[in-house]
Amino acid sequence: MASEVLLVASAVCELIEAGGESAAEAQEQWVTALSDPDPEVREAALSGCAAAPDPFFVPYLAEAITTMPPRAALADALER
């Protein structure tokens with residue numbers, strides 16, 4: 001399941017980065033994934049935005065710094 005969740009999160013983030021008609025829906029899906037109770041889903045959301053960086057993610061990552069436990073995926077997403 002982990003690889004499937006990561007693939008979906010990566011695809012969602014690529015849609016956000018590309019813009020266009022499906023970006024708004026992809027943004028909603030990513031925000032939902034970032035607040036999911038399953039840490040695996042949250043990690044996938046962070047990994048996805050690290051692979052497809054976009055200014056959309058910045059305010060959510062800034063908030064995540066103060067609300068999420070330190071994780072490698074968060075550090076990687078912030079680096080990009």
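This is a predicted model: local features need pLDDT of at least 70, side-chain atom pairs count only at pLDDT 80 or more; totals for chains, interfaces and linings use all residues.
1. The axes of α4 and helix α5 (residues 72–79) come within 10 Å. They cross at roughly 145°. The crossing of α4 past α5 is left-handed. Which residues make the contact? From α4 come Leu 61, Ala 64 and Ile 65. From α5 come Leu 74, Ala 77 and Leu 78. Both values are worth noting, because two packed helices are described by the angle between their axes and the distance between the axes.

2. Next, the aromatic rings. The structure holds 5 aromatic pairs. Take Trp 30 and Phe 57. Their ring centres are 4.7 Å apart, and their planes stand at 65°. Why is the pair called edge-to-face? Planes over 60 degrees apart count as edge-to-face, so the 65° of Trp 30 and Phe 57 puts the pair in that class.

3. Now place that pair on the chain. Trp 30 sits in helix α2 (residues 23–34). Phe 57 lies in the loop between α3 (39–51) and α4 (58–67). The two are 27 residues apart, and the pair links distant parts of the chain. Are they buried or exposed? Trp 30 is buried, and Phe 57 is too.

4. Phe 57 has another partner to look at. Phe 56 and Phe 57 also form an edge-to-face pair. Here the centres are 5.4 Å apart, with 70° between the planes. Phe 56 is buried, as is Phe 57. Which residues make up the cluster? Trp 30, Phe 56, Phe 57 and Tyr 60 form one aromatic cluster.

5. Turn to Cys 13. Its place is in helix α1 (residues 2–18). Cys 13 has 0% relative accessibility, so it counts as buried. What does Cys 13 touch? Leaving out residues up to four places away in sequence, the list is Trp 30, Ala 45, Gly 48, Cys 49, Ala 52 and Phe 57. Cys 13 and Asp 54 are 41 residues apart in sequence, yet 8.4 Å apart in space, C-alpha to C-alpha.

6. Last, α3. This helix has 13 residues. From its first C-alpha to its last, α3 reaches 18 Å, close to the 18 Å expected at 1.5 Å a residue. At its start, a side-chain oxygen of Asp 38 comes to within 2.9 Å of the backbone nitrogen of Glu 40. Which residues of α3 are buried? They are Val 41, Ala 44, Ala 45, Leu 46, Gly 48, Cys 49 and Ala 50. Look back at Cys 13: Ala 45, Gly 48 and Cys 49 are among the residues Cys 13 touches.

Conventions:
Residues are numbered from 1 along each chain as its sequence is written. Side-chain values use heavy atoms; hydrogens and water are left out. Rings of Phe, Tyr and Trp (its six-membered ring) pair if their centres lie within 6.5 Å; planes under 30 degrees apart count as stacked, over 60 as edge-to-face and the rest as tilted. Helices (H or I, at least four residues) and strands (E, at least two) are DSSP runs, numbered from the N terminus. Buried means under 20% relative accessible area, exposed over 50%, partly exposed in between (1.4 Å probe, protein chains only). The expected span of a helix is 1.5 Å times one less than its number of residues. A polar contact is a pair of N or O atoms within 3.5 Å; within protein, one must be able to donate a hydrogen and the other to accept it, and residues adjacent in sequence count only if both atoms are side-chain atoms. Axes are lines fitted to C-alpha atoms, for helices over the stretch in contact, and angles run from 0 to 180 degrees between N-to-C directions. A crossing is left-handed if the near helix is turned anticlockwise from the far one by less than a right angle, and right-handed if clockwise. Contact means heavy atoms within 4.5 Å.
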